[in-house]
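Hello,

Here is the structure we talked about, with some notes to read beside it. Have a look at it first, and then come back for the walk-through below.

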Amino acid sequence: MADTMRAQVEDLSPVTVGRRGAPSRPRTATSAMRRALPYLAILPTLGTFLILLGYPVLLVILLSFQKYNLAELFNHRTIWIGLDNYREILGNPEFISVVIRTFLFTIANVALTIGLGTLVALLLDRLGRWMRLAVSMAMVLAWSVPAVTGSVIFQWLFDSKFGVVNWALNTIGLFGDFTNHSWFDSGLSTFAIITMLMVWQAAPFVAFSLFAGIGSISKEQYEAARVDGAGEWAVFRWITLPSLAPLFMILTFLSSIWDFKVFTQIWTMRQGGPNNETVTLAIYAYQVGIAGNRFGIAAAVSCVMVALLLVVLVPYIRSMVRTQEGA
Amino acid sequence: MRAKSLVPIAFLAVVGLTGCSSAATQAPTQAAPAGSQAAPAGSQAATPAPATQAASSGTLTVWLMKGSLPDETVATLNTQFQAAHPGWTVDYQVQNWDGIVAKLTTALASNNPPDIVELGNTQAVTFEQAGALMDISSQRQALGGGTSNDSATADEAWLGSLNDTSIWEGKLYAMPFYAGDRLVIYNKTQFAAAGIDPATITSKDKMIAAAKTLQAKYASVKDYSGLYTAGQNWYELLQFIWDRGGDVAVDQNGTWKATLESPQAMQGIQDYVDYYKAGSTGPADNDEMNPPEYDIFHQGKAGMFIGNGWEIGSAVGTDGKLKADEVGVFAIPSATDGKTAPVFLGGSDLGIAANSKNQQQALDWLKQLNTDAGQQLLIKAGWIPSLKTAAANIPADNPILQVQAKEAAAGSKSTPNDPRWASVEANNPIKSMLTQILTGKASIADAAKAADQSIDQILNTPL
């Protein structure tokens, strides 16, 4: 506020000077200066951004139009091959199935993360002080476990020989015999474990954000609705949900990006196995690029990956921006 | 509004792009500055060692892997080298196996690479094919490796499969360093208690019988295996496949053909299944390091396992549960009585960087290893030495190495010598195949066929 006022004061003085007979020139210079100031202020950030992110991105894009394998790396050769890398991956049925798998995986993860996060947020809102603290602590702990550590823990939980999950299921005894049951012998089952891990780690962020959002909704709205005889579901559907719509949007949006490009959990769990059945785009790029030393193709895979993500998310961003402007 | 809505999109595009592709492009990005000042391709070949021969002083950088040679052994070699090259010093650096391929990739591509690098024998071909290493074909004799760079020739001086991994398209790019192989590691106390004489285990059937005898004796021990093996120990599997005369893949005039579905290979797979089903409590869906087989053995829950020589130390451990003299070894028996199975020869080669400025000195350092004294240093470090003559004369005070060298002499092999094999191992279809078979999800024939298809596809992608 004080800054705005000072700006207005500074704004006035040259005008006064101008009126006293000096030509209008200093006035335009200062106002040009004023207009440039915000840009100058963000210049360091923008510069750092361009150097640290823009330059590597440019290299990746350039690389995707080159034949760049290990031999080119060692011999310092640059071979431009136009769209050949893109042609190769788009013509590869394996790549297409990886793309479809990545989308399905992302949708499942985002839906479960948002769903579970919402339920926990509603729970937090209704809990007493101490239980709320306990649940919050548990959520923070789950959230703060590093991805690799979490993956290793889940691997051990679901280990076919020594895992506590098989032991527990056997002890309960209601679901049949789980002795030596392998959770990692099919793609679907392995994906289920990975999803469980990722939702467990991602839901706390969603829950805390929504919980904060719920707190900002005025209590009168709820009371009025209840007086009118609305049930729990109706209250959620007609008050909580519309009030939190922008929040849901941004959370879905962020979760989609995170889950779409996730690497660590999938790689640590089974390196894309069994039999490549849990290979998503990020894993695919790594397999081709690092294990296969085909850097050009891997760059093309990365570019396609970002393009796909953009195509899906652009309408989303637009509606998000519109909602915010409307609000 | 339209323009405004584009700002977050542009932002996300940049964040998303770098976020998901940084791993894949790490190597070339780091190498890019080198590329910008690079001389045109082929000029390296035209600048051979003589140009730098006159240098009267300098530093030779040597990268060896952790666990390869004891420090004092390297010190001996370096003192010897410095005595012959006054004014020169050696910068010796120990590298970790974990992540070494990426590290070597960036290091060898730079303009100031380490002069000598140690390469795992299955990794070497990647760098040989890509031109990262100096062509030392003309130095073969001087390095003590005999005369022929044809990998098919049987009379080379170096151990067969180490020699093969040093050659790419008829040229020598590396020098065999040392080798190690797997053997049967057994618990002497348990064998004695069960009344088994390891000398009588001379075939697959006898080994399975011994495993069952041990299991009967130790039935009260929870999760006990007579012969412990993980479900996905594909190194072990390969040995049984070779024993039956099969192979993973064969080179048919430049095209790879995976051959796990050949009758011989399927017989080898059946051998593996028989061993596993004899009573191994190892997980069907995990490999030899999860959990480590030597740990199971250390806890007394296994009478024997097939492991590397270097695993014996870990098997004995330091907590006193198991004493060193309680652990014995014998050669892996073949399915044919009285023979030993061919072994998977692990080990290392030594290469000189193509961009090294000290190639002559590097060659001189390497030559020290192929002397009698040099070979004895390798033996003392616990490795099968690279020269066949030295490997045939392991002193009697080293029984473990004697068994290993005997196995290697009887027949040793490695994975297909092709840079693309690394991609196969990156997500090994052979492991998936074993799990499918052991859990009864697929027959040997179906699982082998599926694995063959995956391997064919990877090994035949264009280089």
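At what angle do helix α19 (residues 429-438) of chain B and helix α20 (residues 444-459) of chain B pack, and how far apart are their axes? The angle is about 165°, and the axes are 9 Å apart. That makes α19(B) roughly antiparallel to α20(B), because angles over 145 degrees count as such. The crossing of α19(B) past α20(B) is right-handed. On the α19(B) side, the contact is made by B:Pro429, B:Ile430, B:Met433, B:Gln436 and B:Ile437. On the α20(B) side, the residues include B:Ile444, B:Ala447, B:Ala448, B:Ala451 and B:Ile455.

Before going further, please keep in mind that this is a predicted model. Its scores are ipTM 0.72 and pTM 0.78. Chain B has a mean pLDDT of 85, with 86% of its residues at 70 or more. Among the elements of chain B, helix α11 (residues 263-277) has the highest mean pLDDT, 97, while helix α1 (residues 2-36) has the lowest, 39. Over residues 1-53 of chain B, pLDDT stays under 50, although the model has 87 contacts beyond four places in sequence for that stretch. Where pLDDT is low, the predicted coordinates should not be read in detail.

Helix α11(B) also meets α20(B). Their axes come within 11 Å and cross at roughly 115°, and α11(B) passes α20(B) in a right-handed crossing. Here B:Ala265, B:Met266, B:Ile269 and B:Gln270 of α11(B) make the contact with B:Ile444, B:Ala445 and B:Ala448 of α20(B).

Now to the sheet in chain B. Six strands form an open sheet in the order β2-β1-β3-β14-β6-β15, and the pairing is mixed. At the edges are β2 (88-95) and β15 (384-385) of chain B, each of which pairs on one side only.

Is β14(B) enclosed by the rest of the structure or open? Seven of its seven residues are buried, so β14(B) is largely enclosed by the rest of the structure. B:Gly346, B:Ser348, B:Leu350 and B:Ile352 point one way from the strand, B:Gly347, B:Asp349 and B:Gly351 point the other way, and all are buried.

Which strands are joined to β14(B) by bridges? One of them is strand β3 (residues 116-120) of chain B, which runs antiparallel to β14(B) and is joined to it by five bridges. In this pairing B:Ile116 stands opposite B:Ile352, and B:Val117 has B:Gly351 as its bridge partner. Strand β6 (residues 174-180) of chain B is also antiparallel to β14(B), with six bridges between them. There, B:Pro176 stands opposite B:Asp349 of β14(B).

Finally, a few notes on chain A. Chain A has 14 helices and two strands, and 32% of its 327 residues count as buried. Among its contacts between residues at least 6 apart in sequence, 65% join residues at least 24 apart. Just after α10(A), A:Gly229 takes a positive phi of about 90°.

Best wishes

Terms used:
Residues are numbered from 1 along each chain as its sequence is written. Chains are lettered from A and ligands numbered from 1 in the order in which they are written. This is a predicted model: local features need pLDDT of at least 70, side-chain atom pairs count only at pLDDT 80 or more; totals for chains, interfaces and linings use all residues. pLDDT is the predictor's confidence in each residue, from 0 to 100. Helices (H or I, at least four residues) and strands (E, at least two) are DSSP runs, numbered from the N terminus. Two residues are in contact if their C-beta atoms, placed from the backbone, lie within 7 Å. A residue is buried if 20 or more other C-beta atoms lie within 10 Å of its own, exposed if 12 or fewer, and partly exposed in between; C-beta atoms are placed from the backbone. Two strands pair if DSSP finds at least two bridges between them. Axes are lines fitted to C-alpha atoms, for helices over the stretch in contact, and angles run from 0 to 180 degrees between N-to-C directions. Angles under 35 degrees count as roughly parallel, over 145 as roughly antiparallel, 65 to 115 as roughly perpendicular and the rest as oblique. A crossing is left-handed if the near helix is turned anticlockwise from the far one by less than a right angle, and right-handed if clockwise.
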